[in-house]
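Hi,

Here is the structure I said I would pass on.

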Amino acid sequence: MTSESMGWWGVLLGVSAGAVRGGTPFLLVSLGECLTEKSGKINLGLEGTLLMGAMSAYAFSYKTGSPWIGVIAAGIAGALMGAVHAFLVTRPKVNDIAAGIAMLIFGSGLAFFLGKPYIQPSAPQLSPISLGGWSDTAQIQAALKISPIFFLGAGIAFAMNWFFRSTRAGMHVRAVGDSPAAARALGISVERTRILSIVAGSALAGVGGAHLSLFYPGAWTEAISSGQGLMAVALVIFSRWNPVHCLYASLVFGGAQAVGPALQAVGVSTGYYLWNASPYILTLLVMVATCSPKRTLVGAPGALGASS
Amino acid sequence: MLIPPPPARPEKPLPLELVKITKRFGSFVANNEISLSVPPGTFHALLGENGAGKSTLVKCIMGFHQASEGDILIGGHSRSIKSPYDAYQFGIGMVYQHFTLVPAMTVAENLVLSRPDIPRVIDWKMEMARLRKFMETAPFQVDLLTPASQLAAGEKQKVEILKQLYLDTKFLILDEPTSVLTPVEADEVLGLIRKKVESGLLSVLLITHKFREVFGFCDEITVLRRGQFAGRGLVRDMTADQMAEMMMGGPRESKTVSKSSSNRGKAALNLKDLWADKDSGVPAVEGVSLTVHEGEVVGIAGVSGNGQRELVEVLAGQRTSTSGEVNIHGQPYRATREEAFAHKVFLLPEEPLRNGCVPQMSVAENMALRSFDRAPMTRAKCFINRKAIRQNAVEMISRYSVKTRSPETPIGDLSGGNVQRAVLARELGSGSENILVAANPCFGLDFAAVASIHAKITEARNRGVAVLLVSEDLDELLALSDRLLVISHGKLVYETIPAEADIKTIGHHMAGH
Ligand SMILES: Nc1ncnc2c1ncn2[C@@H]1O[C@H](COP(=O)(O)OP(=O)(O)OP(=O)(O)O)[C@@H](O)[C@H]1O
Ligand SMILES: [Mg+2]
């Protein structure tokens, strides 16, 4: 069977496969942003971090022949980017948004600069985890070849939820993000907690980049990310700073991205570009639908983005 | 109480001594060579005007601030306390003047979080069981699963005190803990603490502005004035006037404005069957109807958490009502900036730093929040006139004796009482109000300031202003109101006239019987 013969089932299958494949970078970046924002700081630079992660993963996978070393390198590259951002935003009077935009531009520039030599060669890819063995339809088998990074991210989403609720460190992060004054009175170091949250969050975004260059689309090019890093920020907001909701929202976004190509595969090409814009339209719609003048966003860290 | 203290922590209070503590903020000296000694098992009061440096001094003991000079002796040894964790290890705990609960966390989470020795991974089942058991012996009850942001001021204060009992603190510092409790609640809390002190299990350092509490519960006092040591003495040897003189550096002058005979005018503020929800969507105000006439003070008494906060928030425009009407001079009022300006409605909210200020903005800017967009503070409808804002602030600061280093200081750096004064200056300073809504206006003010605010409110009433006074201080309500209403579970349940009021009956209705 081809996509055409599967008809609308093919579209559905394409969208679901795309949800997981395309949703994975959203997932990792939004989890990273979620952790960062829970501590009261915003990191708009995760788009740059994502690119640095993608480039490092590809380069290290190529050099060492092991894609998993690439993944680890992506995490470390992300953490280093995070360390720079953390250093900047914990200085007095530094605005997170401005620092984040600077880091975004710096990160993408650095990734393109260092990544130039790796555009041509092909690096070993992450091998997918196949869940489609039960089916003899090629499309289903292909759709169920899932990135190991997705499972990693999904696991982290649930783990992070538990971390915020049931660990000392997680409670400290929430306290620092919601009321730094209260945290200080409890003897929690606001600065240290924030630095660690930003660094760990950036490492996650870096790993998200590894999925881009080592799984899907699976090459290192300068056009590898189309703003996933920035949209993840919006995604965190309407996930209400809940990591498990980040998982669901990432799937919705990933799926929305795949609507255009899936429709094209069955021969519907009207409004192709409009369909491609659907994640962005979705962002706007959800934002409008969920805002309320009556109450502040439930779950929003009280001190998010406030100076000092 | 139920949690066995870690072996390193003292089983009993240790003597604590401060030797020549000096604390500077930049070039400003908040404490200058203050010495103070609290023997174990005693109840010590720290007194002084707003801004005298009391909170700063105790924050040095807690490791929240580091003293610039001087020594802290615990059990006779000089100790360095670098953070509240260190203080905890010495068995020292504090109830701060500004709340230190994390708003988004539940009461249970806040209590657990406060323990520095919580395990890395929290077993919530066990912790909840432990907390429930602790609550059985607790002097007051608060729902463990309510987020702190939904508690009224009085309830938050109770949680703060519960926190210290839960931590099994041996040396307890209380920074104005009773300012939001009713007198009955305050006596209950302090009485309970006093009992522990008498049995030698606790030492207490209490900061308060209420002489009643000093005479009722304390053994010894130390007085600060403008960052300097101003005297000490045993409570049993002193009179209130002597203490006041130490605090002010001169004899106590009382300026009371007496209420003019009733000159009640037409109805000004009218609420009709007003309903409003808490953040959680549960009704908090349930069908409140009342009328405040010109030249009348209507008092609303009640235990905190019975809907007063939400009621005031509706009048402030911070919360939308779910049904019912608010009318001012017969016209519907939705508390927009324009309407508030047109009807000259002014408001003193509770917790002014949170509800009425932008903490990072300067005192001058905060004082201009009502009028910055109008002449003379704005020229040609769009250019802010900084000079006018500053001039206004300078005048207000001296008229309301706000102690601040300059009009440019961020308002969040002011002492608790001075934040209150700054907001008062903004709301009452123009002298043009028609309607005044005040919620706990004397929260945390020293006695001189309380007297002057009471005088200002009475003066406003005599001028024909309609005043709605929501307070948890019954004495204040009895002294100021013309009519007194009692709110319980969101409903007005009782009305009386202060002259004929019977405290017992009021208490009965407040308790919801
Ligand atoms: N972090 C800070 N930075 C600068 N100045 C400060 C800071 N904290 C307090 N001050 C100043 O120190 C002085 C003493 O403040 P403190 O809070 O100790 O007063 P207080 O005696 O507790 O008064 P109140 O009864 O009003 O609470 C005030 O003038 C205040 O403006
Ligand atoms: Mg104070």
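B:Ala380 sits in the loop that runs between β17 (378-379) and β18 (383-384) of chain B. Its phi is near 50 degrees, which is a positive value in a residue other than glycine. Most residues other than glycine have a negative phi, and most peptide bonds are trans. With a relative accessible area of 67%, B:Ala380 is exposed, because anything over 50% counts as exposed. Before you read on, keep in mind that this is a predicted model.

Chain B has another residue of that kind. B:His329 also has a phi near 50 degrees, again a positive value in a residue other than glycine. You'll find B:His329 in the loop between β14 (323-328) and β15 (331-332) of chain B. B:His329 has 30% relative accessibility, so it counts as partly exposed, between the 20% and 50% cut-offs.

While you're in the loops of chain B, stop at B:Gly75, which lies between β4 (69-74) and β5 (77-78). B:Gly75 is partly exposed as well, with a relative accessible area of 32%. Leaving out residues up to four places away in sequence, B:Gly75 touches B:Leu14 and B:Pro15. B:Pro40 is 35 residues from B:Gly75 along the chain, and the C-alpha atoms of the two are separated by 9.3 Å.

Then there is B:Asn306, in the loop between β13 (296-301) and α9 (308-316) of chain B. Is B:Asn306 buried or exposed? Its relative accessible area is 12%, which is under the 20% cut-off, so B:Asn306 is buried. A polar atom of its side chain lies 2.8 Å from the backbone oxygen of B:Val303. Setting aside neighbours within four places in sequence, B:Asn306 is in contact with B:Ala284, B:Ile487, B:Ser488, B:His489 and B:Gly490. B:Leu468 is 162 residues away from B:Asn306 along the chain, with 17 Å between their C-alpha atoms.

Now for where the two chains meet. On the chain B side 24 residues are in contact with 21 residues of chain A. Together the chains bury about 1900 Å², and 61% of that is on carbon and sulfur atoms. How many salt bridges cross the interface of chain B and chain A? The rule finds one. In the salt bridge between B:Glu109 and A:Arg174, the closest N and O atoms are 3.0 Å apart. On chain B, α2 (84-89) and α3 (107-113) each supply at least two residues of the side that touches chain A. The largest share of that side, three residues, comes from α3(B). By type, the residues on the chain B side divide into 17 nonpolar, four polar and three charged.

Over in chain A, start with A:Ser135, in the loop between β1 (129-130) and α6 (138-143). A:Ser135 counts as buried, at 7% relative accessibility. The side chain of A:Ser135 reaches the backbone nitrogen of A:Thr137 at 2.9 Å. Apart from neighbours within four places in sequence, A:Ser135 is in contact with A:Ile140 and A:Gln141.

Helix α10 covers residues 190-214, and at 1.5 Å a residue its 25 residues should span 36 Å. Helix α10 of chain A is mostly covered, with 19 of its 25 residues buried.

Between α10 and α11 of chain A comes a loop that holds A:Pro217. The peptide bond from A:Tyr216 to A:Pro217 is cis, with omega near 0 degrees.

After that comes helix α11 (residues 228-238) of chain A. Nine of its eleven residues are buried, so helix α11 is largely enclosed by the rest of the structure. Among those buried residues of α11(A) are A:Met231, A:Val233, A:Leu235 and A:Phe238. Just after α11(A), A:Arg240 takes a positive phi of about 55 degrees.

That's everything from my side for now.

Cheers

Note on methods. Residues are numbered from 1 along each chain as its sequence is written. Chains are lettered from A and ligands numbered from 1 in the order in which they are written. This is a predicted model: local features need pLDDT of at least 70, side-chain atom pairs count only at pLDDT 80 or more; totals for chains, interfaces and linings use all residues. Side-chain values use heavy atoms; hydrogens and water are left out. Helices (H or I, at least four residues) and strands (E, at least two) are DSSP runs, numbered from the N terminus. The expected span of a helix is 1.5 Å times one less than its number of residues. Buried means under 20% relative accessible area, exposed over 50%, partly exposed in between (1.4 Å probe, protein chains only). Contact means heavy atoms within 4.5 Å. A polar contact is a pair of N or O atoms within 3.5 Å; within protein, one must be able to donate a hydrogen and the other to accept it, and residues adjacent in sequence count only if both atoms are side-chain atoms. Buried area is the accessible area (1.4 Å probe) that two parts lose on being put together, summed over both. A salt bridge is a side-chain nitrogen of Lys or Arg within 4 Å of a carboxyl oxygen of Asp or Glu. Ala, Val, Leu, Ile, Met, Phe, Trp, Tyr, Cys and Pro count as nonpolar, Asp, Glu, Lys and Arg as charged, and the others, Gly among them, as polar.
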